[in-house]
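Thanks for asking me to look this one over. Here are my notes, in the order in which I would go through them with you at the screen.

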Amino acid sequence: MASSLTTFTDEARIALDTLSGHAAGLFSPSLRLGVTGLSRAGKTVFISALVHNLIHGGRLPLFEAQKSGRIARAFLEEQPDDAVPRFQYEDHVAALVNDRVWPDSTRAISELRLTIEYESASGWNRLFSAGKLSVDIVDYPGEWLLDLPLLGKSFTDFSREAVELAALPVRSDLSQAWRELASAVDPDADADEMTARRLAESFAAYLKACKLDERALSTLPPGRFLMPGDLEGSPALTFAPLMTLSQGRARSGSLQAMLERRYEAYKTHVVKPFFREHIARLDRQIVLIDAMQALNAGPGAMADLERAVTEILSCFRPGRGNFLTDFFSRRIDRILVAATKADHLHHESHDRLQAIVRRLTDRAVARANFGGAAVDVVAMAAVRSTREGTVKQGRETLPVIIGTPLKGEKINGETFDGKTETAIFPGDLPEKVDAVFDVSGSAPDNAEPAIRFVRFRPPKLERTAEGVTLSLPHIRLDRALQFLIGDHLA
Ligand SMILES: Nc1nc2c(ncn2[C@@H]2O[C@H](COP(=O)(O)OP(=O)(O)OP(=O)(O)O)[C@@H](O)[C@H]2O)c(=O)[nH]1
Ligand SMILES: [Mg+2]
């Protein structure tokens, strides 16, 4: 009798919670939008440009609600999560608009609430909805996401995989110092803090080296070794995989036992809470990729990028039987894979870039154990730093892009001062998509890059006759917005 009573109250409480959650949802519907990508992919610039364009009524012809004049107002509100740092929108926009410099790198999670007041397109919805949507935008490093697969791996699995990957030809030179150190370590020796620290530091140095520009290799876990956030130096980060493992269970008090415990602590105190508190609550997700850098580095780097996208996708919408499924409280129903920085190409190449991203994403979707969500791709520039023109060369007319290269950028031996505008012929992307994925084919990794890549300063914003600054120019940001939130403003 007593036990059925408890069951009843429990159930009632859950039902009540659901009901009140529902009611709260009715009065102020909200949508959690995750923005991720590996470091320097363009997350901060994307969020700043998205918010700036919505608040300032930017030109967004492909964003239906804006185009049809149904958006009354968009403004920032206090975010719902008190423990998460706020996305410093004002600072980032000031850098972009006033100083014409790119915002500083951000190394942790942050959040911003943007509320949109709109008029529904259908009379029925107008009657029943408040015409208000709060979008909670969450910016977090892709490096942290790539940690999720660790939840399903023991310290032994983790060590074995790390050792295998480190020995691959693409990584063996970078990992040599760590491998030498690790092979001299006896897992059964007494636990020693200094040994643990030396191993962790050496392993982290190897992971960092993989990220160097010319290698352009994607990330390996543990993600916090590259992006420690506020955990730098803590015991949960002072571990490393072991080269040799003792047979059976590690002796209590041994080095292996210590590292194993810390690896488990990393999972418990870092990976799990991050997943539960942030990823599991998302409704929509955009994954930013720097396809241009990978394209320039060759088919090997493209294959590596494809692997990273595969891993990222399989974290979001795990298929049945995956250990991650249990953690999700909501279901992500739309994912956009976006290649940013398309303003480095002439518009004739934008569709080609999009076709390349589509191919990469299709292959990743097919390989990931993945079900259910709608996936789309876009080639865009959240902030367009160039305009287009043509240059006559002999009889030929070449399409060029015009912008102000950053101070110190070089092209053909010329070094730029950060003030002078320059026209650059960026080169074309190959018409045939296959060519950029063909590892065996004609294009070796050290071939001349397809695109001439110069980094430009953010654009100078036009002002109206009344002196009002216009919103930040972009390429296809509106298409991204339509896919990510458009249906919630219908
Ligand atoms: N031309 C152009 N460059 C861009 C664009 N978006 C990003 N960039 C460049 O890419 C760099 C990185 O962009 P961020 O937005 O800071 O990237 P992030 O993903 O937030 O990087 P972390 O905070 O370091 O993880 C910028 O400093 C710009 O140089 C864009 O739309 N156009
Ligand atoms: Mg950032």
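Which side chain meets that of Glu111 in a salt bridge? Please keep in mind throughout that this is a predicted model.

1. The partner is Arg32, at 3.7 Å from N to O. Glu111 belongs to strand S3 and Arg32 to strand S1 (residues 30–37), so this pair ties together parts that are 79 residues apart in sequence. Both Glu111 and Arg32 are buried.

2. A second pair to look at is Arg284 with Asp487, whose side chains form a salt bridge at 3.0 Å, N to O. Since Arg284 sits in strand S5 (residues 284–289) and Asp487 in the segment after helix H14 (477–485), the bridge ties together parts 203 residues apart in sequence. Arg284 has a relative accessible area of 2% and is buried, while Asp487, with 34%, is partly exposed.

3. Asp376 and Arg358 also meet through their side chains in a salt bridge, 3.4 Å from N to O. Here strand S7 (residues 374–379) supplies Asp376 and helix H13 (residues 350–367) supplies Arg358, so the parts tied together are 18 residues apart in sequence. Asp376 counts as buried at 14% relative accessibility; Arg358 is partly exposed, with a relative accessible area of 35%. Salt bridges with shared partners also join Arg32, Asp81, Glu111 and Arg281 into one network. The count of salt bridges comes to 27.

4. Now for the metal. The magnesium ion (ligand 2) has Thr44 (OG1) and Thr106 (OG1) as its protein donors, lying 2.0 Å from it. These two come from distant parts of the chain, 62 residues apart: Thr44 is in helix H2 (residues 43–55), and Thr106 is in the loop between helix H4 (89–99) and strand S3 (110–118). Thr44 is buried, at 9% relative accessible area, whereas Thr106 is partly exposed, at 29% relative accessibility.

5. Next, a helix pair. The axes of H7 (residues 155–167) and H8 (residues 169–183) come within 6 Å and cross at roughly 120°, and the two helices are therefore oblique to each other. From H7, Val163, Leu165, Ala166 and Ala167 meet Pro169, Arg171, Ser172, Ser175, Trp178 and Arg179 of H8. Sorted by class, this contact has six nonpolar, two polar and two charged residues.

6. Finally, is Gln256 buried or exposed? This residue of helix H10 (residues 255–277) counts as buried because its relative accessibility is 3%, under the 20% cut-off. Leaving out residues up to four places away in sequence, Gln256 touches Phe155, Pro187, Leu242, Leu245, Ser246 and Ala250.

Terms used. Residues numbered from 1 in each chain as written. Chains lettered and ligands numbered in written order. Predicted model: local features only at pLDDT ≥ 70, side-chain atom pairs only at ≥ 80, totals over all residues. Heavy atoms only, no water. Helix = DSSP H or I, 4+ residues; strand = E, 2+ residues; numbered from the N terminus. Buried < 20%, exposed > 50% of the residue type's maximum accessible area, 1.4 Å probe, protein only. Contact = heavy atoms within 4.5 Å. Axes fitted to C-alpha atoms, helices over the stretch in contact; angles between N-to-C directions. Parallel < 35°, antiparallel > 145°, perpendicular 65-115°, else oblique. Nonpolar A, V, L, I, M, F, W, Y, C, P; charged D, E, K, R; others polar. Donors = N, O, S within 2.8 Å, 3.2 Å for Na, K, Ca; no water. Salt bridge = Lys/Arg side-chain N within 4 Å of Asp/Glu carboxyl O.
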